[in-house]
Number of protein chains: 2
Amino acid sequence: MQAERTPGWSGDLHAVRKLHAFAPMTGHDRETLSRLMAHRTRVEPHEDILVEGVPSRDIFLLTSGWAIRYKLLSDGRRQIVGHLIPGDFFGLRASMFQIADDSVQALTTTSIVRIPGKSFSAMLRDRSNLGMAIMWSVMREHSILAEHAVRLGRRSARERIAHLLIELLHRLQLVRLAGDNEFHLPLTQEVLADTLGLSIVHVNRALRRLRNDGTIALDPQRRRVVINDVGRLGRIAEFSAGYLDQGPALGGAAD
Amino acid sequence: MQAERTPGWSGDLHAVRKLHAFAPMTGHDRETLSRLMAHRTRVEPHEDILVEGVPSRDIFLLTSGWAIRYKLLSDGRRQIVGHLIPGDFFGLRASMFQIADDSVQALTTTSIVRIPGKSFSAMLRDRSNLGMAIMWSVMREHSILAEHAVRLGRRSARERIAHLLIELLHRLQLVRLAGDNEFHLPLTQEVLADTLGLSIVHVNRALRRLRNDGTIALDPQRRRVVINDVGRLGRIAEFSAGYLDQGPALGGAAD
DNA sequence: GGTGGGCGTTAACATAGGTCATTGTGGAGG
DNA sequence: CCTCCACAATGACCTATGTTAACGCCCACC
């Protein structure tokens with residue numbers, strides 16, 4: 001369903017802010033993006049945008065709301081392999097391979113922009129900053145995924161939660177969707193559990209401990225987290241932002 | 001330390017075979033590769049080739065032996081995030097960002113080829129098949145990593161081992177380093193544990209069960225695995241090869 | 001031909017985290 | 001106003017996996 005207008009850069013600043021952190025978005029790039037954004041689509045919660053095993057050629061940009069990338073096992077177990085927030089692209093891998101190798105589902109009402117595979121190829125061919133910036137954001141996603149694996153394989157429940165919260169804080173700050181120490185977190189405990197490889201009950205326990213500690217505060221109604229002591233949470237998580245804050249090495253592969 | 005000669009394609013077939021699965025390697029591509037391979041380096045077990053946090057501009061190609069990609073926590077916990085086998089490239093992310101965001105260490109005596117960042121950039125700029133093929137192999141690695149996360153987050157010890165073995169069987173077969181149902185596996189139980197997010201003891205237990213089952217056979221001396229019943233192991237793992245066997249969509253982003 | 005170190009194997013025991021079951025609460029819809 | 005439903009919260013209990021500790025084997029090295 002069609003939704004918001006696209007008056008200049010009102011709602012799409014997220015992507016620009018993020019990409020800008022990598023490569024300067026020229027007027028031309030912005031124009032290109034803006035043209036691509038001509039038609040946005042609204043997606044409702046629980047709707048799948050990409051489905052594992054199904055062909056897809058296009059690239060997507062999430063412009064508002066949250067989504068997850070996940071895989072299912074036949075007995076219903078689900079592992080969430082990533083979270084998509086405004087400014088994130090997805091579908092690139094699916095467009096390079098024949099088919100999507102994981103599913104993407106909206107968590108909240110979201111709006112997305114579909115960039116035809118052809119347009120994206122053209123951008124790459126022209127070596128526009130935009131194309132390069134998107135490649136960079138794929139690499140960054142790869143880094144995030146590697147940290148996710150460490151979280152799943154070698155951290156305790158408490159550490160996993162702490163680490164995820166700090167990671168999200170950083171990512172959201174980059175697109176100005178988080179304050180210094182608080183943000184809107186539309187994840188149910190079930191989603192957290194499937195992200196962190198834990199049971200719902202245990203997520204609840206660990207969360208409560210963190211709250212009793214006074215380390216964080218949750219407002220379940222407004223779905224808001226406040227991190228009372230960012231330093232402490234970071235220490236629990238043993239978080240180091242290296243994998244998120246890397247600028248590009250412009251002389252390198254992207255030269 | 002300098003080692004083998006590079007007479008034509010003797011030892012480097014692995015990479016070619018793998019890349020060929022993606023895009024036809026023209027004579028020109030082969031020539032380029034071969035020029036790049038001019039000097040190979042030998043790396044001894046336990047030697048780090050890349051270190052998390054340390055700058056690196058070059059791309060590497062592993063031409064023989066095994067290596068791992070890993071991260072450490074301050075108390076010594078280690079999570080292996082990937083295995084590198086002959087034909088695998090690494091260092092691309094490190095070259096796009098300022099620094100490596102994980103470490104790469106040789107498991108066996110290996111030989112590697114260092115491709116200067118500049119040469120790689122040039123290949124990309126020229127849109128050579130080689131450059132594209134390398135991008136493709138990065139994407140494939142991303143897919144493998146996503147499956148790794150699922151393995152860590154939502155599979156039991158037994159399933160994790162089964163899944164890893166089948167994955168390695170497939171990957172090794174692609175470069176002709178595995179037979180129909182057996183291959184050389186130079187991973188100690190400690191490495192398996194750090195890969196699978198388990199303790200050494202528990203890896204041992206799960207492995208023994210698999211052996212008692214008759215599902216697999218191990219020759220610890222010769223470091224060889226024989227999978228007596230590939231179908232069964234695959235069913236235990238709930239393995240589907242989609243994420244490994246994807247050919248390229250040449251009309252897509254790589255068009 | 002000792003000896004020491006790396007690796008695999010096992011048993012006994014400890015615990016983080018899973019499962020099951022129940023209750024509360026707020027919002028959506030009749 | 002009542003009902004339903006999704007979600008959070010918690011207690012009781014269970015189990016997969018971790019920990020500690022010991023032992024054996026092979027092999028490299030002295």
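Colleague: Which residue of β11(B) does Ala217(B) stand opposite?

Modeller: Keep in mind that this is a predicted model. Strand β10 (residues 216–219) of chain B runs antiparallel to β11(B), and 4 bridges join the two. Within this pairing, the residue of β11(B) that stands opposite Ala217(B) is Val226(B).

Colleague: Which residue in the turn between β10(B) and β11(B) has a positive phi?

Modeller: The two strands form a hairpin, and 4 residues lie between them. The residue in that turn with a positive phi, of about 55°, is Arg223(B).

Colleague: What is the bridge partner of His184(B) in β11(B)?

Modeller: β11(B) also pairs with strand β9 (residues 182–184) of chain B, in the antiparallel sense and over 3 bridges. In that pairing, His184(B) has as its bridge partner Arg224(B).

Colleague: Which side chains of strand β11 in chain B point to one face and are buried?

Modeller: Along this strand, residues 224–227, the side chains alternate between two faces.

Colleague: In chain A, how many residues does domain 2 give to the contact with domain 1?

Modeller: The domain assignment of chain A places domain 1 at 13–149 and domain 2 at 156–237, and their centres, taken over C-alpha atoms, are separated by 24 Å. Domain 1 of chain A gives 14 residues to the contact, while the number from domain 2 of chain A is 11.

Methods
Residues numbered from 1 in each chain as written. Chains lettered and ligands numbered in written order. Predicted model: local features only at pLDDT ≥ 70, side-chain atom pairs only at ≥ 80, totals over all residues. Buried ≥ 20, exposed ≤ 12 C-beta atoms within 10 Å, placed from the backbone. Pairing = 2+ DSSP bridges. Domains from an automatic or database assignment. Contact = placed C-beta atoms within 7 Å.
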